Amino acid sequence: MQRAQEKMERLEKPKKERLRVCVATCNRADYSKLAPIMFGIKSHPDIFDLEVVVLGSHLIDDYGNTFRMIEQDDFDIGSKLHTIVRGEDEAAMVESVGLALVKLPDVLQRLAPDILLVHGDRFDALALATAAALMNIRILHLEGGEVSGTIDDSIRHAISKLAHYHAVCTLSAERHLISMCEDHSRILLAGCPSYDKLLSAYKRDDYADIIKSWIGDDVKEQDYIVALQHPVTTDIKNSIKIYELMLDALISFNKKTLILFPNIDAGSKEMVRVMRRKGIEQHQNFRAVKHVPFDQFIQLVAHAGCMIGNSSCGVREAGAFGTPVINLGTRQTGRETGENVLHVRDADTHNKIYHALELQFGKRYPCSKIYGDGNAVQRILKFLQTIDLSEPLQKKFCFPPVKECISQDIDHILETQSALSVDLGGTNLRVGIVSMKGKVVKKYVQLNPKTFEERIELILTMCKQAMADAVHLNCRILGVGVSTGGRVNPQDGVVLHSTKLIKEWSSVDIRTPLSSALHLPVWVDNDGNCAALAERKFGHGKGVENFVTIITGTGIGGGIIQHNELIHGNTFCAAELGHIVVSLEGPECMCGGHGCIEAYSSGLALQREAKRLHDEDLLLVEGMTLNNKEQVNAIHLINAARLGNSKAETVLHTAGTALGLGIVNILHMINPSLVILSGVLAVHYETPVRQVIGQRALLTAQGTKVMVSDLEDPALLGAASMVLDYTTRRTY
C-alpha cells in the first residue's frame with residue numbers, strides 16, 4: 001500500500017520540462033568553442049533537450065565539409081542549411097546573410113527552441129541572431145564584448161545588442177558589455193569553452209604520431225611552424241600583400257610548415273591564388289590543408305616551434321601552451337594577449353616577418369590563462385539552468401552611469417579574481433589564495449623541505465590543492481606569484497643566489513616547472529621586493545610615489561619604490577638593505593662581511609646576543625623563566641629588556657641605532673617620502689629609528705615619515721600583487 005501510494009505521488013508531481021537548447025554552428029572555428037558545451041548539454045538529458053543546426057562553410061567541399069566532424073562526434077544534426085553564396089567578396093557575404101535569413105525562419109519555427117546559442121562575430125552568426133530576435137527566441141551569445149580588428153568588431157557588438165544573455169571570456173569583455181548598456185545580471189564571466197578541452201587534452205601520448213601524420217615523418221617537436229592567415233575584410237588589398245610576404249618569409253626561413261587555408265571571408269579566393277602561384281601545395285617544406293580536427297590541431301599548436309598569421313587561435317588558445325606566436329597585421333588589434341605574442345602590426349616587408357620568425361621560433365613562454373581556466377562549460381550549464389522562461393522577453397538596457405562595482409554576490413555571474421601566492425621562508429613554506437582586495441582567502445603552511453626535489457614537489461602539491469579549493473571558494477586563479485629569499489632574476493623567474501637558510505636553492509628556475517605543471521603564468525621575486533609591492537598595492541605605500549620598505553625578521557631585507565616602480569638594479573641586488581655597512585669593525589654578517597645592519601639588527605643577530613648573555617648568566621631577570629629544553633631566541637632578549645635588564649636594553653639600543661643609521665643612509669641616497677618597517681621586530685625598532693633620523697639625518701630629511709606596516713602577510717600579498725597587477729592590466 002505504501003509503495004503504491006509513493007508511486008501515485010510521483011506520477012501526480014509535475015515534472016520540470018527540459019530546456020530546449022538549439023546550438024547553431026557555422027564553421028570549423030566556432031564548432032571548437034561550441035562542441036564542449038554541446039557535449040555538456042548532451043550529458044544531461046534530464047535537464048536539456050539539444051538541437052543542432054549546421055550552416056555556412058561547414059557544408060562546402062572547398063573548406064573540408066567539416067559538418068562530418070560533428071557527425072563523428074555523435075551529434076544528431078537536425079537541420080543542414082546551405083547558406084553560402086560563393087564569390088568570396090563583399091557582395092557574396094551580404095548575399096549569404098540574406099540567404100540565411102530566408103531559410104532560418106522555417107527551421108527555427110519547427111524546432112521552437114527555448115534558447116539559441118550563437119558564437120562570436122561571423123556574418124552567419126549575425127543572420128542567426130537577427131532571425132531569432134525577430135522570432136522572439138532567447139539568445140545566449142558566446143564571446144561577446146571582445147575587441148579586434150576588421151568588420152568582426154561591428155558584427156560582434158551587433159549580435160550582443162540582439163542577444164538576451166552573454167557568456168564572456170575575460171573581465172575586460174564583461175566591462176565592455178556593461179559599458180554597452182547590457183544588463184550585468186545577464187552576463188556570465190565563464191572563460192573560453194575550448195580551454196576546457198585543450199587544457200586537459202593537449203598532453204596526449206600520441207602527439208608525435210599526430211605531428212608525423214600531418215607534417216612528415218622526419219619532423220620533431222618544436223621544429224615546425226603552424227601558419228593560419230585570414231583576409232581582413234576592411235582592407236583586403238593590404239591583407240593579401242601581408243599574406244604574400246608571410247609566405248615569402250616562411251619559404252626563406254626553411255622550416256617545415258603546416259599551413260591552413262583561409263576562411264571564407266571576402267578576399268580568401270585571392271589569398272588561395274597567391275598560395276598556388278607560389279607553389280605552396282607542392283613545396284617540400286609545406287603541407288597545405290583545409291581542415292584539421294580540433295583535438296589534433298591542439299597537439300600541433302602546443303608542440304609547434306612557432307605559430308604565425310592573424311588567427312584568433314594565436315592570441316587566445318596558443319597562450320595556454322606557451323607557444324610563441326607572431327601576429328601579423330591589424331585583424332587582432334585590441335585583443336588581450338599573453339607575453340607569448342609578438343605583434344608585427346605593420347607587416348610591410350619580408351625582412352620584418354623573417355626577423356620576427358628568428359626571434360620567436362623555438363622559444364617557450366609561461367602558460368597563460370587570460371581566456372579561461374578549464375571550467376567554462378560547467379559555469380555555462382549552471383547559468384542556463386538559472387534562466388527563467390517566465391521573465392519578459394523584452395531586453396532591458398542599463399544606461400549610464402555604469403555601476404562602479406561590477407561584482408555581485410552570485411557565484412555563476414562573477415568569481416573573485418585571485419592569485420596563488422607562494423612564500424619560501426627559511427623555516428616554513430606557505431601558499432595562499434589572495435583576492436583582488438588583498439584578503440588571504442585560505443592559507444596552507446608546511447615545513448620547507450631541505451632538498452630541491454622535495455621542495456618543488458611540495459610546492460606543486462600545495463598549489464594544486466589550493467587550485468582545487470579555489471573552485472569551491474568561488475575564486476578564479478589568474479596566476480602564481482612566488483616570494484623567496486635570496487637574489488632573484490624576476491625576468492627569467494630564476495633564483496640566482498639563495499640565503500644560507502634555504503638549501504639547494506641557487507641557480508634554480510622556479511617559473512618553468514610551476515608554469516608547466518599548473519598551466520598558469522608565474523612571477524618570482526625576492527621577499528623584500530615582495531614586501532614593498534604589498535605595501536604599494538594594499539598598505540601604507542598605496543598612492544605614495546617614493547617609499548622604502550624594511551623587513552625586520554630572521555634577516556634584514558627590503559624593497560625600494562621609486563616613481564611608483566620597483567627598483568631591481570643592474571644585477572638584481574638593489575635594495576639589499578640588510579647589507580648596508582654601518583661599522584667598519586662590526587660583527588660578522590652571514591654575507592661574509594662585517595658591520596652590516598643584518599649583523600646587528602636581524603632576529604639571528606639578537607638571538608646570537610641573547611645566547612651570549614645567557615651563557616654569561618646575564619640574560620634572565622626576575623619574572624623570566626627558561627627551561628633546559630627551550631632554545632634561547634630574540635624574544636627572550638626583548639622580554640629581558642622590557643623587564644629592566646640593562647644588558648639586554650643595550651643590545652636592543654645598539655640594534656635600533658644600527659638600523660636607524662642604515663635608514664639615514666637610505667634617506668640621503670634616494671630621499672623617499674616614507675619608510676615602512678615590516679616584520680616581527682618592526683614595532684620594537686620604530687622609536688629608535690625615529691630618534692636616529694632626528695639626530696643624524698640632514699635637516700631636509702628629518703621630516704620623513706616612519707610607519708609600522710599593518711599587513712599580516714606582506715610576502716604572500718606582495719607575491720599576489722605581481723599577478724593581480726599584471727593580469728588585470730595586460731591589454732594590447
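Predicted model: local features only at pLDDT ≥ 70, side-chain atom pairs only at ≥ 80, totals over all residues.
Contact here means heavy atoms within 4.5 Å, and helices (H or I, at least four residues) and strands (E, at least two) are DSSP runs numbered from the N terminus. Residues are numbered from 1 along each chain as its sequence is written, and side-chain values use heavy atoms, leaving out hydrogens and water.

**Helices α5 and α6**

- The axes of α5 (residues 123-134) and α6 (residues 152-162) come within 9 Å and cross at roughly 20°; axes are lines fitted to C-alpha atoms, for helices over the stretch in contact, with angles from 0 to 180 degrees between N-to-C directions.
- That angle makes α5 roughly parallel to α6 (under 35 degrees; over 145 is roughly antiparallel, 65 to 115 roughly perpendicular and the rest oblique).
- From α5, Phe123, Ala125, Leu126, Ala129, Thr130 and Ala133 meet Ile155, Ala158, Ile159 and Leu162 of α6.
- The residues of this contact divide into 9 nonpolar, 1 polar and no charged (Ala, Val, Leu, Ile, Met, Phe, Trp, Tyr, Cys and Pro count as nonpolar, Asp, Glu, Lys and Arg as charged, and the others, Gly among them, as polar).

**Helices α2 and α15**

- Here the axes of α2 (residues 28-42) and α15 (residues 376-385) come within 10 Å and cross at roughly 55°, which makes α2 oblique to α15.
- Pro36, Ile37, Gly40 and Ile41 in α2 meet Val377, Ile380, Leu381 and Leu384 in α15.
- By class, the contact of α2 with α15 has 7 nonpolar residues, 1 polar and no charged.

**Aromatic rings**

- The whole structure holds 6 aromatic pairs (rings of Phe, Tyr and Trp, the last by its six-membered ring, with centres within 6.5 Å; planes under 30 degrees apart are stacked, over 60 edge-to-face and the rest tilted).
- Phenylalanine 253 and tyrosine 354 pair edge-to-face, at 5.6 Å centre to centre and 75° between the planes.
- Phenylalanine 253 lies in α10 (residues 236-253) and tyrosine 354 in α14 (residues 350-360), so the pair ties together parts 101 residues apart in sequence.
- Phenylalanine 253 counts as buried at 15% relative accessibility, whereas tyrosine 354 is partly exposed at 24% (buried is under 20% relative accessible area, exposed over 50%, partly exposed in between, with a 1.4 Å probe and protein chains only).
- Ring pairs also link Phe253, Tyr354 and Phe361 into a cluster.
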